[in-house]
Amino acid sequence: MADDEQEESDAGNDDSEVTSDQIVDGIIDYIKKVDKSVAEVFKVIDLNSDKRISGPELQTWLKEVGIADLAPPDVMMTLGLIDENKDGYISLSELRSAVGEKASALGLLLEAVEDIVDSAVEGAKELVEDAKRVWDTEQSLLAAAFPNLPWLADKRVNRGIIVFSLVGGLLYLYNAFIGLAAGPSGSRDHSLDLTAMLIPGYDYNGYNAALAPHFDPLSFLVFVGLGALLFFAQYSTPPMDGGGGATAPPAAASEDASEEE
Ligand SMILES: [Ca+2]
Ligand SMILES: [Ca+2]
């Protein structure tokens with residue numbers, strides 16, 4: 001009887017605080033009860049979608065679904081029971097093995113595809129951001145290279161350079177591969193030859209075009225030049241806080257001052 005009383009008083013103490021084991025059981029029960037896969041529940045818990053569940057994320061979710069309202073140390077105790085590799089986060093596979101769900105091959109494949117699509121979307125977003133930054137730049141590489149030509153540091157001038165070099169480049173490609181000039185047959189299948197047009201003696205029996213696809217050195221040089229122009233229309237310094245170039249302007253100013261004297 002004395003032993004029973006002892007056990008009862010122990011149990012009484014435990015009632016006030018739910019153990020981490022019980023909470024893990026609660027999580028497992030919850031996931032098994034809701035008609036969702038572990039991956040779906042994982043996505044709900046992973047608020048910032050970085051593919052790992054942090055302590056605060058677990059804490060928020062446990063409170064939200066009514067499993068437990070825990071203080072941070074207890075959250076970390078619970079998290080630690082599921083966190084097999086002890087990196088402080090719960091990964092999807094760790095949650096899976098805790099629940100005892102085996103991922104299907106199809107499920108794993110779909111997740112892999114989703115990851116690839118995710119990173120492709122991220123890449124596309126960055127590309128658009130980059131293009132936007134170039135389009136809006138006022139301090140292009142060209143403007144930085146020619147500080148005494150202030151009109152180069154004009155957004156509209158830089159946009160003009162971008163459009164000019166892009167259109168010129170496309171025109172070159174169209175001319176070289178498909179042809180801008182009409183040939184003897186009357187259809188536009190001849191490439192205008194800039195070399196033949198500008199340098200005497202390089203024409204084709206008095207004709208300044210040849211059947212496409214056709215490449216001539218001068219046109220190609222112009223194409224490379226346009227490509228370089230497009231490259232130099234990029235912003236010279238990515239927007240950063242506290243760049244290392246802060247010392248450059250005063251040095252240039254002092255040089256100007258010494259020249260004036
Ligand atoms: Ca997260
Ligand atoms: Ca982990």
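Modeller: What follows is a close look at helix α9 and its packing against α11. The model is a predicted one.

Helix α9 covers residues 155-177. Its 23 residues reach 33 Å from the first C-alpha to the last, close to the 33 Å expected at 1.5 Å a residue. After α9 comes G179, which has a positive phi, near 105 degrees.

The buried residues of α9 are N158, S165, Y172, N175 and A176. They pack against two elements, β1 (190-192) and α11.

In general, a pair of packed helices is described by the angle between the axes and the distance between them. For α9 and α11, which spans residues 217-232, the angle is about 150 degrees and the axes lie 9 Å apart. Because angles over 145 degrees count as roughly antiparallel, α9 is roughly antiparallel to α11. The crossing of α9 past α11 is left-handed.

On the α9 side, the contact is made by I161, I162, S165, L166, G168, G169, Y172 and A176. The α11 side contributes S219, V222, F223, L226, G227, L229 and L230. Sorted by class, this contact holds 10 nonpolar and 5 polar residues, with no charged ones. S165, Y172 and A176 are among the buried residues of α9, and these three also belong to its contact with α11.

Notes
Residues are numbered from 1 along each chain as its sequence is written. Chains are lettered from A and ligands numbered from 1 in the order in which they are written. This is a predicted model: local features need pLDDT of at least 70, side-chain atom pairs count only at pLDDT 80 or more; totals for chains, interfaces and linings use all residues. Axes are lines fitted to C-alpha atoms, for helices over the stretch in contact, and angles run from 0 to 180 degrees between N-to-C directions. Helices (H or I, at least four residues) and strands (E, at least two) are DSSP runs, numbered from the N terminus. Angles under 35 degrees count as roughly parallel, over 145 as roughly antiparallel, 65 to 115 as roughly perpendicular and the rest as oblique. A crossing is left-handed if the near helix is turned anticlockwise from the far one by less than a right angle, and right-handed if clockwise. Two residues are in contact if their C-beta atoms, placed from the backbone, lie within 7 Å. Ala, Val, Leu, Ile, Met, Phe, Trp, Tyr, Cys and Pro count as nonpolar, Asp, Glu, Lys and Arg as charged, and the others, Gly among them, as polar. The expected span of a helix is 1.5 Å times one less than its number of residues. A residue is buried if 20 or more other C-beta atoms lie within 10 Å of its own, exposed if 12 or fewer, and partly exposed in between; C-beta atoms are placed from the backbone.
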